[in-house]
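Please open the structure in your viewer and keep the selection tool at hand.

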Amino acid sequence: MKILGGFGKPQKRGRKASEPEATPVAGCAGKRPRMTFWHRALGAPASIKLCVSVIAVLALAAIFAPYVAPYDPDKTSILARNAPPFWVTGGKAGYLLGTDQLGRDVLSRCIYALRVSVGIAMVGVIFGSVIGVSLGVLSGVLRGWTDRIIMMVVDFQLSIPFLLIVLIGIAIFGTDIPVLIALVGVAYWETYARLSRGQVLSVRDNAFVEAAVAMGATNWRIALRHILPNIASPIIVLLTLNFPTVLLLESSLSFLGIGVQPPTASLGRMVGDGRNYMMSAWWLVISPAAFIVLVTLCVQLVGDWLRDVIDVKLD
Amino acid sequence: MLNFIAWRFGRALLTVLAVLAAVFIGARLTGNPVEVMFPEGLTPEQEKALTEQYGLNKSLPEQFAVYLRELSRGNFGISHLEKRPVVEMFGEDVGATVSLAACAFTLSIVVGVPLGIVAALRRRTGVARLVMAVAFFGYAIPHFIIGITLILVFSYQFHWLPSTGSETLWHYIMPTITLASHRMASIARYTRSSMLDVLSQDFMRTARAKGLAELVVVFKHGLRNALIPVVTILGLQIASFVNGSIIVESVFAWPGIGRLFVGSVLKRDFPVLQFGVICFTAIVVLVNFLVDVLYVVIDPRIRAEK
């Protein structure tokens, strides 16, 4: 393939000493020094371990919501309306975080909402990263016109506020959950594209890529077997750091009333709905807000720590 | 230099046009706005008449051409719902948005830069850790939660500040703090890291060796250099500033163009939507353009590279 011409003439570039030695033989790509990472993970500061445990507990609660939640999140109870959390006077035993104006259990609703919000954010992040990384790798491997066009689209997206794109998308396509996932995911694809393109450009001049070219590997094989494994760790860091951002985007949209639509509960939606009863029932706002802050802070802290451990330069 | 400015300006204009075309065509591909405007339903004749009245029966390129022609004459369309020119609607609200944004922008710089300097100079002390922790929280907690919490505490608990509207100076306090929080945090972080970079430079040691006062060294030699990357970042982040102001306006029922825009999204009021896109994109593109140009003017090293 002609477009691959660039692989033939490697330029000497400074490679970081910490980078694993080149894996010249295809098939050895998987045998990277994993141990060191786990050693470092075990030596993580207590705060990071705490964050990871909190994330694990919340994730389990979200996955097993039907078994964990004390009540049916949509079950109304006229007798138990507007009960405050249990530690406030007037709180009802059994309703840990109180009930809303329809007598629905706030804790149960939060757990189900966590499921929706985290689910949307997770699928959205995966969606956006797959698009971004594919285009970024394509850009870095093929270079030339492909690169120029993709980077032009990136510049284009960088110069408009993404909330605008998402809002327009919602105005055009409606607020179904798949649409939301696609929109909040796509909102950040350009970060992945820029990162992976940069990484490809710094990896592609290594001897093992040259060796692969010499052995007649196709563009596809080089991209998937030789380049992708070598640029995986910064992308994983970016995934972690991007997750809270996407979660917050979805929460903000739902808060504005243009994200997840009722009766489905999402955390942002609960805050938005609770706003109308804030005078008398502050817990309707504070409980879901606390869940949002807890998730985003923990994931953000773990992401920051990962970035330092893996030693990635993200801009 | 002129070449560079012209090239950047052309690209800026192209960006606005491309966004506009995407919105225009996308919006019309997915359903007739006439149906959304009259949810109670219309007779087929009425619907046809209205569709023709708004020119929605023509082909897409034709509609877009007509729209562009009207734009060039300064006619930005009439809201389907309010039956008034969109320019008038935005004109009424733009003042509130700009004054809030200006307050928040000023606050974030006035607080963020000194915090960043302190965190860099008093590195590895409790003060610096505290500053960075606050910056971390300011960055990780979304606008709407900060805003709601402020309302809960200062409006409903203590009854100190009004929660909605923009009539008096008191109304500005909470929205300004909320909108400034993210910017403040990121300015503090960037100032700190950029200041740390500069502090270890040779010219700083030279300045000290010359016997200059520490204050002169830090501010004249250090800060001036440290702020260059911060200015760029500020320009690049103008887009996220616009995002924030759209949300903050909704939280505090601030009568600005962000709230107007959000309202037009669900009502599918396309003329308003399109003008909103023009406004916001133009603001961002213009600021980026200005920062690019300013940057070249300020920093002689970049001018030399061109």
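This is a predicted model: local features need pLDDT of at least 70, side-chain atom pairs count only at pLDDT 80 or more; totals for chains, interfaces and linings use all residues.

**Stop 1: a helix crossing in chain A**

Select residues 46–63 of chain A, which form helix α2, together with residues 106–142 of chain A, which form helix α4. The axes of these two helices come within 8 Å and cross at roughly 100°. Because angles of 65 to 115 degrees count as roughly perpendicular, α2(A) and α4(A) are therefore described as roughly perpendicular to each other. Next, display the side chains at the crossing: α2(A) contributes Leu58(A), Ala61(A) and Ala62(A), while α4(A) contributes Ile111(A), Leu114(A), Arg115(A) and Val118(A). By class, this contact comprises six nonpolar residues, no polar residue and one charged residue.

**Stop 2: where chain A meets chain B**

Now display both chains. How many residues of each chain are in contact with the other? On chain A there are 32, and they are in contact with 33 residues of chain B. To find the side of chain A that touches chain B, select α6 (162–173), α10 (219–256) and α12 (283–310) of chain A; each of these helices supplies at least two of its residues. The largest share, nine residues, comes from α6(A). Colouring the chain A side by residue class gives 26 nonpolar, five polar and one charged residues.

**Stop 3: chain B as a whole**

Chain B contains 14 helices and zero strands. Of its 306 residues, 36% count as buried. Consider also the contacts in chain B between residues at least 6 apart in sequence: 74% of them join residues at least 24 apart.

**Stop 4: helix α5 of chain B**

Select residues 86–121 of chain B, the 36 residues of helix α5. From its first C-alpha to its last, α5(B) reaches 50 Å, close to the 52 Å expected at 1.5 Å a residue. Centre the view on Asp93(B), where α5(B) has a kink of about 40°.

**Stop 5: Ala49 of chain B**

Finally, select residues 44–53 of chain B, helix α3, and pick out Ala49(B) within that helix. Is Ala49(B) buried or exposed? With 12 other C-beta atoms within 10 Å, Ala49(B) is exposed, since a residue with 12 or fewer such neighbours falls in that class.

Note on methods
Residues are numbered from 1 along each chain as its sequence is written. Chains are lettered from A and ligands numbered from 1 in the order in which they are written. Axes are lines fitted to C-alpha atoms, for helices over the stretch in contact, and angles run from 0 to 180 degrees between N-to-C directions. Helices (H or I, at least four residues) and strands (E, at least two) are DSSP runs, numbered from the N terminus. Angles under 35 degrees count as roughly parallel, over 145 as roughly antiparallel, 65 to 115 as roughly perpendicular and the rest as oblique. Two residues are in contact if their C-beta atoms, placed from the backbone, lie within 7 Å. Ala, Val, Leu, Ile, Met, Phe, Trp, Tyr, Cys and Pro count as nonpolar, Asp, Glu, Lys and Arg as charged, and the others, Gly among them, as polar. A residue is buried if 20 or more other C-beta atoms lie within 10 Å of its own, exposed if 12 or fewer, and partly exposed in between; C-beta atoms are placed from the backbone. The expected span of a helix is 1.5 Å times one less than its number of residues. The bend at a residue is the angle between axes fitted to the seven residues ending there and the seven starting there.
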